[in-house]
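This report is written for a reader meeting the structure for the first time. Please look through the sequence and the model shown here before reading on.

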Amino acid sequence: MHSFSTPLSRRLGLKYPMVAAPMFIISNERMLLACAEAGILGAMPSLNGRTPEEFEAKLRWLRERTDRPFAINMTIGLTDPERLQADVELCERYEVPVWITSYGDPTEIVRRAHARKATVFHDVINLRHAKKAERAGVDAIIGVAAGAGGHAGRISPFALIPYLKDNLSVPVIAAGSISTGKQVLASLALGAELVYMGTRFIVAEECGSTDDYKEMVIQAGPEDIVYTDQVSGVHANFLKKSLPDSRPDGTAAQPKRWKDIWSAGHGVAEIRKRQTIEQIVDDLVREYYDTLAALPR
Ligand SMILES: Cc1cc2nc3c(=O)[nH]c(=O)nc-3n(C[C@H](O)[C@H](O)[C@H](O)COP(=O)(O)O)c2cc1C
């Protein structure tokens, strides 16, 4: 299918301006490879390797299979400083093309990334943090809107994306509640240069989510998503039925957050089946062009 692009997606060498966003525990190197082959950017948290050695093995595996871009997420304030150092060094050594930072001051990471000609995205839920990250030199800001999977913001994507765009000079990446090509098109119309989707990829065959998790995403509507700070201390969206109170048989008496309590966003609304990443990208692109052709003029 024809590619479509923005200045940022062209700079990164993507066929489509879309990102499979990093997801703690469940994103993996197979997803990053499948995304690279499908022409979008795949991303994974460095911590999905339980040790630096495990993370390095994932980078080596990927580097042996593709020259196309991929992204690694480092959660600055939530990562042990020694581990963070090790992960940054590995991103340098394996020349990771895109570094995604969150939860903290990215200044030092930006300096190290730029010395390797890598691109840095930083994720925020409001303009104040976006401005700080812009001053730190990041190349693009991810605006995480209400309804996002993981640690979501509170501002509607309809307001957040144009607001960030109007007040920043770096490109804006839209995140939160985007699961279809129609929503991809809307995000670009609002001024985004890339579209960042997590929940949409939980049902990918390549994703490390369990069968039960995938099935719960398929069955859920947006009413089944709970926004709470009770699980991780920071407000995030979770599937209601995976919360301890809702487990019928106490299967997760000592539930581990993210592993047993499953995160997903309002974007579950439009997700109906399991698919490979190639099929998901095909659908997103087809829906994008169908919507574009049907817009009132
Ligand atoms: C299960 C899950 C785990 C996530 N883990 C992380 C993470 O480790 N680091 C991060 O920056 N964002 C994380 N996120 C947020 C995503 O990267 C992305 O911002 C979000 O999924 C976008 O909203 P959407 O789910 O509505 O597409 C996670 C999201 C989900 C659903």
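## Strands and barrel

Two strands are taken to pair if DSSP finds at least two bridges between them. The model described here is a predicted one, and in it eight strands close into a barrel in the order β1-β2-β3-β4-β5-β6-β7-β8, with parallel pairing. Neighbouring strands of this sheet are turned against each other by 25 degrees on average, when direction is ignored.

## Nonpolar core

The largest nonpolar core holds 94 residues, and among these V19, W99, I141 and I173 touch the most other members. When residues up to four places away in sequence are left out, W99 touches I72, M74, C91, I109, A113, A118 and V120.

## Two residues with positive phi

I25 lies in the loop between β1 (18-20) and α2 (29-38), and its phi is near 70 degrees, which is a positive value in a residue other than glycine. I25 counts as partly exposed because it has 17 C-beta neighbours inside 10 Å, whereas a buried residue would need 20 or more.

E95, found in the loop between α4 (81-93) and β4 (98-102), likewise has a positive phi although it is not glycine, with a value near 50 degrees. Because 11 other C-beta atoms lie within 10 Å, E95 is exposed, the limit for that class being 12 or fewer.

Terms used. Residues are numbered from 1 along each chain as its sequence is written. This is a predicted model: local features need pLDDT of at least 70, side-chain atom pairs count only at pLDDT 80 or more; totals for chains, interfaces and linings use all residues. A nonpolar core is a set of buried Ala, Val, Leu, Ile, Met, Phe, Trp, Tyr and Cys residues joined through C-beta atoms within 7 Å. Two residues are in contact if their C-beta atoms, placed from the backbone, lie within 7 Å. Helices (H or I, at least four residues) and strands (E, at least two) are DSSP runs, numbered from the N terminus. Axes are lines fitted to C-alpha atoms, for helices over the stretch in contact, and angles run from 0 to 180 degrees between N-to-C directions.
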